[in-house]
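Please read the points below alongside the model.

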Protein chains: 2
Amino acid sequence: MYKALLDHIEKFITLEPSEIDKLESCLELSTIKKKEHVLKEGQVCNIMYFVVKGCMRQYIINHKGTEQTLQFGIENWWITDYLSYHNHIPSSFYLQAVENSEVIALDKTVLESLLIEIPNLERYFRIVTQKSFGAMQMRIKFLFTMSAEERYHHFNDNFPEFVQRVPQYMLASYLDFSAEFMSKIRAGKV
Amino acid sequence: MYKALLDHIEKFITLEPSEIDKLESCLELSTIKKKEHVLKEGQVCNIMYFVVKGCMRQYIINHKGTEQTLQFGIENWWITDYLSYHNHIPSSFYLQAVENSEVIALDKTVLESLLIEIPNLERYFRIVTQKSFGAMQMRIKFLFTMSAEERYHHFNDNFPEFVQRVPQYMLASYLDFSAEFMSKIRAGKV
DNA sequence: TGAATTTCTTGAAGTAGTTCAAGTTTTTAA
DNA sequence: TTAAAAACTTGAACTACTTCAAGAAATTCA
């Protein structure tokens, strides 16, 4: 169902029926199995992913060999490596499905031609990216000002349903502390 | 001089002469004195700032009363609180000049009407924001994977001239460690 | 269903940083 | 051109977290 994306777009802009047809003709839904990768470190990222259903994540493997999740993407979020995408350089990241997911994968070539045919879409992506950037600014603020325990409680208070969906060790690394410390926070042993 | 902004825009898109005129007629250069604020915590941010000359920063005051710099904006960067800007909510941040600076302050109302008259500008802001988002993704990666000392050296290697321009304590907080620890790193006492 | 795999827990020992306080150096501005 | 303010340095004591290792619980899938 492309409806999820069309609904999301129409929260920000209005499309002509002909534009909707054009857009729909370019979209393709893909199914990504849990743990499957859509991007690995070293590959150039030419695709933007819109999550229709499920959950994706961006992560790296650090020098100790441990995975660290930098970003989650759930329903109605776009996820990609923007630096690799724009500069045609090898990515530093992995993009992987955390749950069985349905995504709309928009190839750069396809997207570029869509943006030319439907200039109004530029506006949609401009607004959505600026909002994501704002969210990222807040994230840095939280990382800088809160203790590990505060970050856990804050996240848990704001996204209680999401906390149930992902393994604790992934969330721990996203909040920038160890899986073991997460266990202790949850057990009240800190 | 608006030339700095026009040059920057024309790196990404091409404007008609009439569009350039229109754009120029809406721009105004302002001078911000070192340490002057253009936004304080609690105010709604309705303006985007393009740095023509000088250096601006976004910071917060943490629970200990210490300033923590979250972002710098130098020549050819846009700086604003995107969340406050888009959602009309009070900002969590301060925006301040680090050096005497010249900025183009683009009011939301003015920008909105410009974007309608020059739809191509949407493309410019879309690309610029996506690239900034990419830079932010890398920043999180560095914060997550490098030690304080590594972050300092990495920044110093990549932006040696910038390191000279700002007080060390601001850079220390931007790299997420204390001013005292920065001193010790520089003295080789770690 | 049950064996394999993945995820979570626990405690003990270690460490990369912070905090504090005081002194020194550099910059600013009258 | 000097007094005040801002920025930087230093060492000692502390602490919020990590690391390691091993076992327990939960989940997956053949």
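1. Helices (H or I, at least four residues) and strands (E, at least two) are DSSP runs, numbered from the N terminus. The model is predicted: local features need pLDDT of at least 70 and side-chain atom pairs count only at pLDDT 80 or more, while totals for chains, interfaces and linings use all residues. Residues are numbered from 1 along each chain as its sequence is written, chains are lettered from A and ligands numbered from 1 in the order in which they are written, and side-chain values use heavy atoms, with hydrogens and water left out.

2. Over the whole structure, a search finds 3 cavities of 30 Å³ or more. A cavity is a set of points, on a 1 Å grid over the protein atoms alone, where a 1.4 Å probe fits but cannot get out; lining residues have an atom within 4 Å of a point. Grid points are joined across faces, edges and corners, and a volume is the space filled by probe spheres set on the points.

3. The largest cavity has a volume of about 130 Å³. It is lined by 16 residues, of which Phe133(A), Trp78(B), Ile79(B), Tyr82(B) and Ser132(B) are the closest to its centre. The largest share of this lining, 4 residues, is supplied by α5(B). By class, the lining has 9 nonpolar, 7 polar and no charged residues (Ala, Val, Leu, Ile, Met, Phe, Trp, Tyr, Cys and Pro count as nonpolar, Asp, Glu, Lys and Arg as charged, and the others, Gly among them, as polar).

4. The second largest cavity has a volume of about 80 Å³. Among its lining residues are Trp78(A), Tyr82(A), Phe133(B) and Gln137(B). This lining has 7 nonpolar, 4 polar and no charged residues.

5. Which residues are closest to DNA strand D? Of the 18 residues that surround it, these are Lys64(A), Gln168(B), Tyr169(B), Ser183(B) and Lys189(B) (near means a heavy atom within 4 Å). The surface near DNA strand D divides into 6 nonpolar, 4 polar and 8 charged residues.

6. There are 0 disulfides over all chains (a disulfide is a pair of cysteine sulfur atoms within 2.5 Å). For Cys45(A), the nearest cysteine sulfur is that of Cys55(A), 17 Å away. Cys45(A) counts as buried because its relative accessibility is 2% (buried means under 20% relative accessible area, exposed over 50%, partly exposed in between; 1.4 Å probe, protein chains only).

Notes
On a 1 Å grid over the protein atoms alone, a cavity is a set of points where a 1.4 Å probe fits but cannot get out, and a pocket is an open set with protein on both sides within 12 Å along at least five of seven lines; lining residues have an atom within 4 Å of a point.
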